[in-house]
Amino acid sequence: MKATVRFPYALLIALFALFIAVIALYRANIAHQLALSDLSIEESNALITPLYDESDGSWTYLAVYELSVANLSGPPVHWLSIGPAQDAGGFLKGLKNGGIVSPALSYRAFLCAPTLADLQADPKLIRGVTEKPITGTTPLDYTLAAGENRTLRVGVIVQTFDAQQTALADMVLFSLDLFFDHHRRYTFRRGFPVQPLKAE
């Protein structure tokens, strides 16, 4: 009688162990597949230039970077979103004489639809570059198969000069986080010098 009572418990324990083993095998397979995914994130080109606004006589700096993301091998990769870096360094810092500018520089971050060649050929397009602002984490939802790449242009317009056209910073640093599936995150960091408009 005792043997028949023990049998269901033994079967239950065996089924539970089998269930745990299947989950472990599934997770190991996912980890193996992720290890095969080889992402490459590079800067293709950049456009960095001061801008003059005729309406109020102010100067700003424009920086547009082309990011090229490639899935070199392995299973498809999902590029979920892009957004300002959330680490201790923050998204954008102005530096002057080696120190951080305070108060922080005013800026607008955006996804840039025109290509860099289009912007250089027709500067009037610059007026509309901020139409797709990056104010927080911005969804993208791109899928990259093995061997496929995707280019995205991101930019900032930074208030680097005061009303007297004196440079508020001599260097601008900014960082973007790129989010992919399976909790993968890459940080893109760049900096550009600010050339004074007049001798200081």
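This is a predicted model: local features need pLDDT of at least 70, side-chain atom pairs count only at pLDDT 80 or more; totals for chains, interfaces and linings use all residues.

Q: What else does S175 touch?

A: Leaving out residues up to four places away in sequence, S175 touches P84, A85, G90, F91, T187 and F188, as well as R189.

Q: New topic: how many aromatic pairs are there?

A: A search of the whole structure turns up ten. One of them is W79 with F180, a stacked pair with 5.7 Å from centre to centre and 25 degrees between the planes.

Q: Why does the pair of W79 and F180 tie together parts that are apart in sequence?

A: Because W79 belongs to strand β3 (residues 77-84) and F180 to strand β10 (residues 171-180), the pair links parts that are 101 residues apart in sequence. Both W79 and F180 are buried, too.

Q: Which residues form an aromatic cluster?

A: Y65, F91, Y107, F174 and F188 form one. There is also a charge over a ring: the charged end of R150 sits over Y142, 3.7 Å from the ring centre.

Q: What about the largest nonpolar core? Which residues touch the most other members?

A: I82, V154, L178 and F192 do, out of 34 residues in that core. Among the elements giving two or more residues to this core are β2, β3, β10 and β11 (184-193). Apart from this core lies another of eleven residues, including L62, V64, F110 and L119.

Q: You mentioned F192. What is F192 in contact with?

A: Setting aside neighbours within four places in sequence, F192 is in contact with I48, Y61, A63, Y65, V156, V158, M171 and V172.

Q: Last one: how do β1 and β2 run, and how many bridges join them?

A: Strands β1 (residues 39-53) and β2 (residues 58-71) run antiparallel, joined by 13 bridges. They form a hairpin with four residues between them, and G57 in the turn has a positive phi of about 70 degrees. D53 has S58 in β2 as its bridge partner.

Conventions:
Residues are numbered from 1 along each chain as its sequence is written. Side-chain values use heavy atoms; hydrogens and water are left out. Two strands pair if DSSP finds at least two bridges between them. Rings of Phe, Tyr and Trp (its six-membered ring) pair if their centres lie within 6.5 Å; planes under 30 degrees apart count as stacked, over 60 as edge-to-face and the rest as tilted. Buried means under 20% relative accessible area, exposed over 50%, partly exposed in between (1.4 Å probe, protein chains only). A charge sits over a ring if NZ of Lys or CZ of Arg is within 6 Å of the ring centre and within 35 degrees of the ring normal. A nonpolar core is a set of buried Ala, Val, Leu, Ile, Met, Phe, Trp, Tyr and Cys residues joined through side-chain atoms within 4.5 Å. Contact means heavy atoms within 4.5 Å.
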